[in-house]
Each structure stands twice: as C-alpha cells, then as structure tokens.
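Please keep the sequence and the three-dimensional view at hand while reading.

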Amino acid sequence: MIPARYGASRFPGKLMQDLGGKPVIVRTYEAAKATGLFDAVYVVTDSDVIFKEIEWHGGQAIMSQKEHDCGTDRIAEAVAEMDVDIVVNVQGDEPFTSKEGLAQVLSVFDAPDADRIDLASLMTEIQDWREISDPNAVKVVVDKENYALYFSRSPIPYPRDKNTAVQYFKHKGIYAFRKQALLDFYNLPMTILEATEKIECIRFLEYGKRIKMAISNTQGIEIDTPEDLVRANKVLKEEKRLPINNKYRNFPMVPKVVYGKGCFEQLASIIGPQRKEKAPFIYLVDDVFQNNQELLKRIPLRFNDKLLFISSFEEPKTEQVDVLVKSIKTEFSYRPSGIIGLGGGSILDLAKAVAIMLTNKGQASEYQGWDLVKNKAVYHVGIPTISGTGAEVSRTTVLTGPEKKLGINSDFTPFDQVVLDPELTTGVPKDQWFYTGMDCFIHCVESLNGTFLNEFSKSYGEKAYDLCKEIFLNPELDDDTAREKLMMASWHGGMSIAYSQVGVAHAMSYGLSYVLGVKHGIGNCIVFDHLIDYYPFDVALFKEMKQAHGIELPQGICKDLTESQMDTMVKIALSLVPLWENALGSDWELKINADKLKALYAKM
Ligand code: NAD
Ligand code: ZN
C-alpha cells in the first residue's frame with residue numbers, strides 16, 4: 001500500500017511533480033510493482049488528482065473515505081476489509097524504492113522469531129554528522145536482535161563520549177505490518193511521544209508492539225524538498241543515458257505486421273488481446289471516409305471505443321496532437337488500450353504522435369528531434385489507406401511545430417502493429433496516388449545516392465526503387481497488382497531510410513511545407529522536378545513518369561514570397577543537418593548555402 005497525501009506540508013504537491021516524464025507517485029507505484037514481491041499494489045489517497053493519475057497509468061488506486069492524520073491510518077482504513085496477511089507500506093515519495101530493501105523487510109517474517117514480530121521496518125547506516133543532526137532524518141536505536149528501542153529526530157544516542165564506535169541508523173519509511181498490528185494502530189489514540197516527535201511508529205512502541213529492523217545498504221532518494229527532486233531527476237537521467245553507438249544504429253522495427261487483400265477483417269482479433277478493462281481503443285480515421293459506410297461498418301468498435309474523424313487537408317501539427325491528447329484525457333479516466341490510425345501518412349503520423357503524448361508530459365513540440373521521448377507510447381496500430389510514405393514502418397512522426405517542421409524520431413515511435421491491406425487503397429485519386437507514390441520513389445533515390453548508405457538500406461531501397469519503376473512505367477500492370485506492389489514498395493522505401501536518411505528533396509520540401517503549407521507528397525514532386533543537378537538520372541526518370549500519367553505540377557509557387565518568407569524557408573531547409581550530410585557528405589556546408597537554395601526555390 002502506498003499512502004499518498006496531496007498536500008505534504010514541506011513540499012506541497014510533491015507527489016505530482018515531474019520525475020523523468022512521470023509524476024513521482026507513478027514512479028513509486030511502478031517501482032513497487034516492478035519488484036514482483038507483492039500480490040497486489042495500491043495507492044491510497046485523499047486526492048482526486050492522484051487517484052486519476054494512477055488509474056490513467058493503468059494502476060490501482062483507492063480513495064480514502066475519511067480524513068487521516070497519517071499514512072498508516074490511511075492504509076489501515078483501506079485494508080480493514082481486505083483478506084490480507086502482511087501489508088507493506090511504501091512511502092509515496094520514495095520513487096527509487098528498491099526490491100532489495102522491500103525483500104529485506106519481508107524476509108523478517110521468515111525468521112525463527114517471526115511470531116514475536118508485529119511489524120518490520122528498514123534502517124540504513126549514516127555517517128555524515130550533518131545528516132545525523134538533521135531533524136528531517138529520523139534516527140533509530142535497536143537492541144541486540146535489531147528490535148527497535150526508540151525513534152527520534154534528535155541524534156540518538158547522544159555522543160557524549162566521542163571515542164565510542166557507535167553506529168547511527170536512519171529510519172527508512174518502509175513498513176511491513178501484520179494486519180492486526182495495523183488495525184490496532186488505527187484504533188489506538190496517538191500518544192505523547194509520537195505527538196512530540198511527529199514520528200508515527202513511536203505509537204507502536206508506546207503500546208508495547210515489537211518492531212524488528214532490517215538493515216538496508218541501498219541509499220534511495222526521498223523527495224522531501226524541491227532540491228531532492230532536482231537530484232532525483234539527475235539520477236534518472238544518468239541511469240537512462242545508454243551508450244549510444246552512432247556508427248551502427250540499433251533501431252526498432254515494427255514487431256507485427258499482417259499483409260493481404262481483406263486482412264483488415266482480422267483487426268478485432270488482432271487487437272483483442274491488447275484491450276484493458278474499461279480502457280477504450282481510439283480510432284483516428286481520415287475524414288475522407290466519413291461517408292464510406294462500407295468501410296466504417298467494418299471498424300470493430302466495442303464498449304467505449306471511440307472513432308474520431310481527422311482531416312488530412314493540412315500537414316499534421318504539434319498543436320493538433322496536443323488538442324487530441326487533451327480531449328482523450330478529458331473524456332476517459334483510463335489510459336486508452338490503444339490508438340489506431342486509419343489513413344495516409346498524415347493520419348498515421350498523428351496516431352503515432354498521440355500514442356506517444358498520452359504517456360509523455362508536456363507538449364508534442366518538446367519532442368521534435370531525435371530520441372527525446374522518455375516513456376513508452378501506448379499500443380498503437382497503423383493501417384495505411386494510401387501507399388508511399390513509409391510512415392507505416394518508420395521510426396518518426398513528422399510534425400509541423402511552432403518553430404520547426406521536424407519528426408519525433410524515437411524508439412517508441414514505430415507502430416506495435418501494422419495492417420497492410422491493399423484493398424483499402426482503392427479509390428485514391430490519381431494525382432494523389434502519384435504524389436504519395438513519388439514520395440516512395442524519392443525516398444529510394446535519396447537513400448541510394450546518400451553517403452549514409454549501407455547494404456542493409458540498399459537491400460530495401462533497391463527493391464522499392466525497382467517496384468516503383470514497374471508501377472509507374474509499365475502500362476501493362478493491372479490496378480490490383482499495382483496497388484499490392486506499391487504497398488510493399490512503400491514498406492521497403494521506409495525501411496531503406498530507417499538506416500540511412502532522405503536528402504535534398506526532403507530538406508527543401510520541408511521548407512516549402514513550413515512556409516506555404518504545401519503537402520509533403522506534392523511538395524517533394526515540385527522540388528524534385530528541379531533537382532537535376534543533384535540526382536540527374538532519377539530526375540529524368542521522374543519526368544518520364546510524370547508524363548506517362550499526365551501529371552501537371554503547379555508552377556511559380558515561390559514567386560510572390562516575401563524576403564522574410566524566403567529566409568524562413570531556407571532556414572528550415574538548412575536546419576535539417578542529417579539530411580544534408582547524407583546527401584552531400586560531411587562537408588555539405590561547403591557545397592550548399594542560402595543563396596543557392598534561394599535560387600532553386602525561386603525557380604519552383
Ligand atoms: P495524406 O495522408 O495527407 O493523404 C493524402 C490525401 O489522400 C488526403 O486527402 C486523404 O484524405 C486521401 N486519402 C487517403 N487514403 C485514401 C483512400 N483510400 N481513398 C481516397 N482518398 C484517400 O498523404 P500521404 O502522402 O499518405 O502522407 C503525407 C504525410 O505523411 C505528410 O504529412 C508527411 O510529412 C508524412 N510522412 C511521414 C513519414 C514518416 O516516416 N513518418 C514519411 C513520409 C511522409
Ligand atoms: Zn517523404
């Protein structure tokens with residue numbers, strides 16, 4: 001049981017303070033749960049906010065019925081009607097609670113003197129006199145068998161003789177009670193020593209209960225002050241700082257994928273095992289399907305599942321993600337079982353971003369970049385309805401934020417499940433089919449001509465490149481086969497850039513899109529059409545494909561730009577360092593500059 005009071009006197013609201021992306025109380029709950037020592041773990045609280053937060057993170061919480069003076073009373077009330085033998089009290093402000101310490105407290109009940117013990121607790125040796133004399137640290141003295149004699153905020157024993165080799169022990173707020181001892185405590189009035197020292201466990205001693213102390217050597221961090229919180233955040237950061245090997249990237253891939261015409265039918269059985277009680281699946285569906293009853297009735301909505309229609313008219317925005325996450329959090333008190341995106345690259349990216357932001361604090365724009373996401377996303381499923389972007393397989397979700405257009409690129413971004421059903425891509429308008437398909441072609445060109453290329457990327461990129469040529473240059477190919485092939489080309493194209501990068505067309509297209517709102521697919525085409533100096537052979541091929549399908553690209557879109565718009569566009573494009581490095585090598589800054597980019601944009 002983790003008693004959790006919202007208004008701590010020394011540091012109000014401390015349990016809801018952020019610790020590495022989650023509130024302190026959630027960290028403590030998860031740490032207790034992760035020990036695997038308990039049949040059940042509960043947070044017992046007087047606070048609505050804490051209650052909801054725990055449920056939101058999939059934990060179990062109990063609301064206190066009465067006002068309580070202390071944590072022990074709080075948990076006594078909670079267990080009164082439970083059929084339990086031993087109850088362990090873990091302090092809410094001890095997020096680094098270790099398995100070792102808890103196991104030691106529990107082991108006391110396996111010792112030969114177990115039936116003489118009413119409760120057990122932990123102590124740790126301290127040597128720093130500042131800590132010994134600090135009234136915030138409760139000291140304990142024990143007898144020869146480690147039964148507690150007294151607890152105090154004073155240094156006990158008092159070192160009148162400085163030459164004795166006395167050990168000082170600090171009490172750690174972890175208790176394991178026999179249920180009866182806990183209930184006795186609840187029913188017996190507070191006594192004078194307890195009231196004076198403000199130390200709960202003195203009450204047990206005053207009523208003659210036996211407290212056995214176990215010794216722990218692990219120094220956890222209690223969050224008593226704002227300074228403790230800063231320290232704890234630092235510790236967490238250091239723990240998380242995994243050795244990153246830049247030379248060989250270790251990246252995740254989509255763990256489960258189903259492929260085949262009509263496989264969308266299997267969605268219910270695929271996601272079924274991921275459903276958590278009372279927690280809905282949220283479907284983000286492109287609003288192009290709003291009136292497509294045939295498709296809508298195949299979406300397996302159950303219980304409180306929710307379907308949200310989303311427009312892909314504009315490029316996805318960080319702000320849009322924040323609004324979606326807020327509305328989901330407001331409507332549901334349980335964190336969703338999963339987020340399911342059904343649509344093109346825009347919707348797939350939104351689904352990934354929403355899944356991430358449901359478990360990570362703050363705003364989506366804070367996570368634009370590489371490896372900034374702290375917590376695992378909720379389960380998320382991608383179901384493409386148009387092929388080419390590779391968003392279904394990639395490690396990023398491209399978003400336009402207040403300051404930049406940049407992906408949330410992280411190990412937690414890729415989908416947990418992808419459903420590749422070529423049938424779903426029927427009905428895509430011809431122009432759009434071409435633009436999104438060309439995104440795949442351009443991914444391959446940029447990856448295959450990039451300096452980051454290796455055999456891994458090449459093996460995917462070459463396959464996707466060949467498929468694209470077949471799809472867009474072979475008039476004999478029937479529509480069904482073309483759809484199947486493009487779906488797999490998209491997948492391979494996405495895999496190819498997973499281990500390399502895109503290049504000039506993407507960097508410049510991001511600029512266009514940021515300033516003019518030009519959508520990704522068509523923006524890439526507009527840019528690529530002018531990149532003959534960079535990709536001569538493939539730009540020629542692109543022009544051939546364009547002609548074969550009678551595609552006319554908009555012209556002169558940059559001619560009315562103000563100087564400051566042009567500057568922003570160039571700045572956005574040049575900020576995408578890895579893209580330029582891939583395209584032009586590590587000395588890319590010698591090869592491209594603002595003036596060259598402006599001249600290129602001016603032609604578009
Ligand atoms: P999109 O998702 O914007 O969809 C394009 C148009 O096609 C929309 O009007 C949509 O309503 C329509 N559409 C989709 N499926 C349809 C269907 N079955 N029938 C009829 N109409 C349909 O376009 P996109 O090109 O797939 O995605 C572009 C987005 O993907 C951009 O935001 C881009 O940044 C992103 N992207 C992401 C990655 C990544 O790795 N995450 C890679 C490339 C692109
Ligand atoms: Zn792209």
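Because its relative accessibility is 6%, Gly-13 counts as buried; the term buried means under 20% relative accessible area, exposed means over 50%, and partly exposed lies in between, with a 1.4 Å probe and protein chains only. From C-alpha to C-alpha, Gly-13 and Val-24 are 9.9 Å apart in space, and they are 11 residues apart in sequence.

The structure is a predicted model, in which local features need pLDDT of at least 70 and side-chain atom pairs count only at pLDDT 80 or more, while totals for chains, interfaces and linings use all residues. Residues are numbered from 1 along each chain as its sequence is written, chains are lettered from A and ligands numbered from 1 in the order in which they are written, and side-chain values use heavy atoms, with hydrogens and water left out.

The protein chain as a whole comes next. It has 23 helices and 20 strands, and its C-alpha trace spans about 95 × 55 × 40 Å along the principal axes. Of the 604 residues in the protein chain, 54% are buried. Glu-581, in helix H21 (residues 577-584), is partly exposed, because its relative accessible area is 29%. Glu-581 and Val-323 are 258 residues apart in sequence, and their C-alpha atoms are 35 Å apart in space.

Distant parts of the chain are linked by the pair Asp-439, in helix H14 (residues 430-448), and His-520, in helix H18 (residues 520-528), which are 81 residues apart. Both Asp-439 and His-520 are buried.

Aromatic rings form another theme. The whole structure contains 17 aromatic pairs; rings of Phe, Tyr and Trp (its six-membered ring) pair if their centres lie within 6.5 Å, and planes under 30 degrees apart count as stacked, over 60 as edge-to-face and the rest as tilted. The pair of Phe-251 and Phe-456 is edge-to-face, because the ring planes are at 90 degrees, with the centres 5.8 Å apart. This pair links distant parts of the chain, 205 residues apart: Phe-251 is in the loop between helix H9 (226-240) and strand E12 (256-259), and Phe-456 is in helix H15 (residues 455-473). Phe-251 counts as buried because its relative accessibility is 16%, whereas Phe-456, with a relative accessible area of 32%, is partly exposed.

The rings of Phe-281 and Tyr-379 have planes at 65 degrees and centres 6.4 Å apart, so this pair is edge-to-face. Phe-281 and Tyr-379 are both buried. Ring pairs also join Trp-433, Phe-434, Phe-441, Tyr-465, Phe-472, Phe-528, Tyr-535 and Phe-542 into a cluster.

Finally, ligand 1 is surrounded by 29 residues, of which the closest are Gly-345, Ser-346, Ser-394, Thr-436 and Lys-519; a residue is near a molecule or strand if one of its heavy atoms lies within 4 Å of it. A polar backbone atom of Gly-345 lies 2.7 Å from an oxygen atom of ligand 1, and a polar side-chain atom of Ser-346 is 2.6 Å from an oxygen atom of ligand 1. A nitrogen atom of ligand 1 is 2.8 Å from a polar side-chain atom of Asp-349.

How values were computed: Helix = DSSP H or I, 4+ residues; strand = E, 2+ residues; numbered from the N terminus. Polar contact = N/O pair within 3.5 Å; in protein donor to acceptor, adjacent residues only side chain to side chain.
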